[in-house]
Amino acid sequence: MHQALKLHDGVISQISKYDPLDLFSGSKDGVQNAIKCLFLTPQNNFRVFLNGSLIFGGMDGAAECVSYTVDQAFQDGIKRVIVAKDGMHSKYFLELVTETVMKSGLLNQLLEVQKLDSIDIEGAIHAYYDFVSLPCMVCRKKGENKLSGRYSSIHSMSKDAKLKLVRNYLISATGKDLSMMISFRPRKSKDVESPHRSVLLKEINQTFDYKASFIDLDMKPLKKMEYYYELDQQIVSCYVQMVKDDEAIQNGAVGIDGSLNSYIAKWK
């Protein structure tokens, strides 16, 4: 859904087919499809470094999709790491990433952190205003009494319970905006007793030692709660409008004069 807002605002030029549900599906096919989609439309979410130098992806989101030139430059780089036939290096690299992500178990850990948020920002924002002893601007904007409105149960909680809701939301938000870093090194045939965890690509009979960890783990600050709420509202509004425009296009959207509306939604 956030992709729709980014496209509307001109941050990206096309919507990625990446689906986080695939990544967290627990299925190898699902994880592999998610990684493939990230590779085809990396935006700011997929980067590859070789000996410390960036060979794929953009530091500022500039590499939105993979062109032949970009893919060729990337393959030229990983030829030094993966032993395979010409044109097959990308395939085996994506398999290597998939196997490592599955074997590392990091996704299961990350999912547990993300699941700490049980009420989403639309609920957590109410706990936030009470915790910082401010009038609930959401209830005020909607013309609701916070003790009798939709979120009255949250406003009626103890301060400790509200703190827990807000804290869990911020921990979860941190888990949704971190990075996973995986480093690989081809294992030499003589290095059989390497202390590192490893992945074997059976098709090319090549073993890689790997290290996998999370970075960008700074806790999201309390002051960003209002920002997260406003962003969520923008995302939902933009996505709903995108769906409406898409349906209008598919249904022919006849105008007052009986002619077919000729507009094309920006995100199509």
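How many bridges join strand S3 to strand S5, and in which sense do the two strands run? The legends below take up this question and others.

The model is predicted: local features need pLDDT of at least 70, side-chain atom pairs count only at pLDDT 80 or more, and totals for chains, interfaces and linings use all residues. Residues are numbered from 1 along each chain as its sequence is written, and side-chain values use heavy atoms, with hydrogens and water left out.

**View 1. Strands S3 and S5.** Strand S3 (residues 179-186) and strand S5 (residues 206-215) run antiparallel and are joined by eight bridges. Strands (E, at least two residues) and helices (H or I, at least four) are DSSP runs, numbered from the N terminus. Two strands pair if DSSP finds at least two bridges between them. Arg185 stands opposite Asp209 in S5.

**View 2. The hairpin of S4 and S5.** Strand S4 (residues 197-201) pairs with S5 over five bridges, in the antiparallel sense. Here Arg197 faces Tyr210 of S5 as its opposite residue. Four residues lie between the strands of this hairpin, and Asn205 takes a positive phi near 55°.

**View 3. Helix H5, end to end.** Helix H5 covers residues 89-104, which makes 16 residues. Its end C-alpha atoms are 22 Å apart, in agreement with the 22 Å that 1.5 Å a residue should give. The expected span is 1.5 Å times one less than the number of residues. Just after H5, Gly105 takes a positive phi of about 80°.

**View 4. Burial of H5.** Of the 16 residues of H5, 12 are buried, so the helix is largely enclosed by the rest of the structure. Buried means under 20% relative accessible area, exposed over 50%, and partly exposed in between (1.4 Å probe, protein chains only). Among the buried residues are His89, Tyr92, Phe93, Leu96 and Val101.

View 5. The side chains of Lys91 and Glu95 meet in a salt bridge, at 2.7 Å from N to O. A salt bridge is a side-chain nitrogen of Lys or Arg within 4 Å of a carboxyl oxygen of Asp or Glu. Both residues lie in H5, four residues apart, about one turn of the helix. An α-helix has 3.6 residues a turn, so residues three or four places apart point the same way. Lys91 is partly exposed at 34% relative accessibility, whereas Glu95 is buried at 16%.

View 6. Glu99 and Lys28 form a side-chain salt bridge of 2.5 Å, N to O. The pair links distant parts of the chain: Glu99 sits in H5 and Lys28 in helix H3 (residues 28-40), 71 residues apart. Glu99 is partly exposed at 26% relative accessibility. Lys28 is partly exposed too, at 39%.

**View 7. Other salt bridges.** The whole structure holds 12 salt bridges. One of them joins the side chains of Glu112 and Lys115, at 3.6 Å from N to O. Glu112 is partly exposed at 48% relative accessibility, and Lys115 is exposed at 51%. Asp76, Lys79 and Asp86 are linked in a network of salt bridges.

**View 8. Cysteines.** The structure holds zero disulfides. Cys136 is in none, and the nearest cysteine sulfur, that of Cys139, is 3.5 Å away. A disulfide is a pair of cysteine sulfur atoms within 2.5 Å. Cys136 is buried, with a relative accessible area of 6%. Cys238 is buried as well, at 9%.
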